[in-house]
Amino acid sequence: MKNFVVKTIANAGALAVAVWVLDKITLTGDSTGKKVGTLLLVALVFGLVNVVVKPLVKLLTLPLFILTLGLFTLVVNALMLLLTSWVADKLDLSFHVDGFWTAVLGGLIISIVSWALHLVLPDGD
């Protein structure tokens with residue numbers, strides 16, 4: 001359970017950095033508390049998308065991963081971020097990613113920040 005909480009906090013931090021850096025990734029709210037709550041819920045959705053959908057997409061696109069020597073990971077990460085934005089919209093969360101190339105940059109930022117946060121934060125495993 002501790003590992004789940006740590007990963008969710010790391011995802012929320014990485015998403016916050018992407019929202020801060022990129023103008024076309026938006027998170028709206030009346031107050032800071034609502035923004036933090038929305039960010040945590042979006043981080044949960046992002047984590048679920050990465051656990052449930054991402055392995056299936058990676059399996060189905062395995063030839064592209066091999067052909068591009070792993071660079072197709074950027075496209076898959078962008079698609080997962082766009083899917084998270086779509087699910088957040090359906091759940092009436094105020095998080096939106098505007099466009100594929102924004103999602104590619106956002107996915108890259110989220111991957112780097114999440115990796116760095118996982119190095120710093122304690123892990124339950």
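Predicted model: local features only at pLDDT ≥ 70, side-chain atom pairs only at ≥ 80, totals over all residues.

User: Which residues are closest to its centre?

Analyst: Lys7, Asn11, Gly47, Asn50 and Val51 are the closest to the centre, out of 14 residues that line the largest pocket.

User: And which elements give two or more residues to the lining?

Analyst: Helix 1 (2–21), helix 2 (32–52) and helix 6 (100–120) do. Helix 2 has the largest share of the lining, with 6 residues.

User: How does the lining divide into nonpolar, polar and charged?

Analyst: The lining of the largest pocket has 6 nonpolar residues, 7 polar and 1 charged.

User: Back to Asn50. Where is it found, and is it buried, partly exposed or exposed?

Analyst: Asn50 is in helix 2. With a relative accessible area of 21%, Asn50 is partly exposed, because buried means under 20%.

User: What is Asn50 in contact with, leaving aside its neighbours in sequence?

Analyst: Pro55 and Met80, once neighbours within four places in sequence are left aside.

User: Met80 and Leu81, then. Which residues of helix 5 are buried?

Analyst: Met80 and Leu81 are both among them.

User: How far apart are the end C-alpha atoms of helix 5, and what should the helix span?

Analyst: Helix 5 covers residues 72–90, and its 19 residues should span 27 Å at 1.5 Å a residue. The end C-alpha atoms are 27 Å apart, so that agrees. Following helix 5 there's Asp92, which has a positive phi, near 60 degrees.

User: What about helix 1, how far does it reach?

Analyst: Helix 1 reaches 29 Å from its first C-alpha to its last, close to the 28 Å expected for its 20 residues.

User: Which of its residues are buried, and what covers them?

Analyst: The buried residues of helix 1 are Asn3, Val6, Thr8, Ala10, Asn11, Ala12, Ala14, Leu15, Ala18 and Val19. The cover over these buried residues of helix 1 includes strand 1 (25–27), helix 2, helix 5, strand 2 (95–97) and helix 6.

User: New topic: how many aromatic pairs does the count come to?

Analyst: The count comes to 2 aromatic pairs. In one, the ring centres of Phe65 and Phe72 are 5.6 Å apart and the planes are at 90 degrees, so the pair is edge-to-face. Both Phe65 and Phe72 are buried.

User: What about Phe100 and Trp101?

Analyst: The rings of Phe100 and Trp101 have centres 5.2 Å apart and planes at 75 degrees, so this pair is edge-to-face too.

User: Are those two buried, partly exposed or exposed?

Analyst: Phe100 is partly exposed, with a relative accessible area of 31%. Trp101 counts as exposed, at 65% relative accessibility.

Notes:
Residues numbered from 1 in each chain as written. Heavy atoms only, no water. 1 Å grid on protein atoms, 1.4 Å probe; cavity = no way out; pocket = protein on both sides within 12 Å on 5 of 7 lines; lining within 4 Å. Helix = DSSP H or I, 4+ residues; strand = E, 2+ residues; numbered from the N terminus. Nonpolar A, V, L, I, M, F, W, Y, C, P; charged D, E, K, R; others polar. Phe/Tyr/Trp six-rings, centres within 6.5 Å; stacked < 30°, edge-to-face > 60°. Buried < 20%, exposed > 50% of the residue type's maximum accessible area, 1.4 Å probe, protein only. Expected span 1.5 Å × (residues − 1). Contact = heavy atoms within 4.5 Å.
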